[in-house]
Amino acid sequence: MLLLLALLTGIAYPLLTTGLAQLLFAERAAGSLLYQGDKLVGSALIGQNFSQPQYFWGRPSATADSAYNAEASAGSNLAVSNPALDKAIAERAAQLRQANPTMRGPIPVDLLTASGSGLDPQISPAAAHYQLARVAAARHLPPQRLADLIEQNSERPMPNFIGEPVVNVLKLNMALDALK
């Protein structure tokens with residue numbers, strides 16, 4: 001019985017699920033890789049560190065050794081009462097206000113806090129719009145063109161009541177680079 005269950009759960013079931021995933025969800029099973037021409041630029045599932053003014057920035061990464069290291073996926077584990085979290089948020093807010101001086105009002109929370117995995121590739125449309133003036137000025141593009149690009153790259157949940165719309169930062173920046 002032990003040998004039979006080991007074969008079923010250790011070999012047959014993993015092979016079956018892997019095969020079905022490859023057959024039914026080939027792109028996702030392969031890592032949702034994104035290419036510009038023949039060059040691999042990343043995965044749609046893992047955030048990337050954009051810091052140049054001509055790009056939209058993603059959520060802060062909680063991975064300790066380097067930004068968006070998929071091998072170090074983890075949340076920051078800082079409690080709301082931890083002064084280190086307050087300090088980190090204040091530093092991020094100051095950096096965002098300095099980079100986006102024309103923006104007034106509250107900064108979207110997803111630009112200030114890391115996700116649970118520390119690797120989230122998406123931001124809210126509000127977070128993208130918060131950065132719109134900076135990116136438009138750096139690229140010498142009309143803000144309405146970037147607003148349209150944000151709208152085109154917004155992903156809405158199916159069905160609509162399950163969650164909020166999100167924008168994949170890597171896909172948005174790739175679309176931005178494709179504008180000539």
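Tutor: Helices here are DSSP runs of H or I with at least four residues, strands are runs of E with at least two, and both are numbered from the N terminus. The model is predicted, so local features need pLDDT of at least 70 and side-chain atom pairs pLDDT 80 or more, while totals for chains, interfaces and linings use all residues. Residues are numbered from 1 along each chain as its sequence is written, and side-chain values use heavy atoms, without hydrogens and water.

Student: How many helices and strands does the chain have?

Tutor: The chain has six helices and five strands. From the N terminus on, their order is α-α-β-β-α-β-α-α-β-β-α. The C-alpha trace spans about 70 × 45 × 35 Å along its principal axes.

Student: How do you know what span to expect of helix 1?

Tutor: The expected span is 1.5 Å times one less than the number of residues. Helix 1, residues 2-24, has 23 residues, and its 31 Å from first C-alpha to last is close to the expected 33 Å.

Student: Where in helix 1 is there a kink?

Tutor: The kink is at Ala12, shortly before Pro14, and amounts to about 35°. The bend is the angle between axes fitted to the seven residues ending at a residue and the seven starting there.

Student: At what angle do helix 4 and helix 5 cross?

Tutor: Helix 4 (125-139) and helix 5 (143-152) cross at roughly 140°, and their axes come within 9 Å. Axes are lines fitted to C-alpha atoms over the stretch in contact, with angles from 0 to 180 degrees between N-to-C directions.

Student: Why is helix 4 called oblique to helix 5?

Tutor: Under 35 degrees counts as roughly parallel, over 145 as roughly antiparallel, 65 to 115 as roughly perpendicular, and the rest as oblique. Roughly 140° therefore makes helix 4 oblique to helix 5.

Student: Which residues make that contact?

Tutor: Ala128, His129, Leu132, Val135 and Ala136 of helix 4 and Pro143, Leu146, Ala147 and Ile150 of helix 5 make the contact, meaning heavy atoms within 4.5 Å. By class, eight are nonpolar, one is polar and none is charged. Ala, Val, Leu, Ile, Met, Phe, Trp, Tyr, Cys and Pro count as nonpolar, Asp, Glu, Lys and Arg as charged, and the others, Gly among them, as polar.

Student: What makes His140 stand out?

Tutor: His140 has a positive phi, near 55°, and is not a glycine. Most residues other than glycine have a negative phi, and most peptide bonds are trans. His140 sits in the loop between helix 4 and helix 5.

Student: Which peptide bond is cis?

Tutor: The bond joining Met158 and Pro159 is cis, with omega about -10°. Pro159 lies in the loop between strand 4 (154-155) and strand 5 (166-168).
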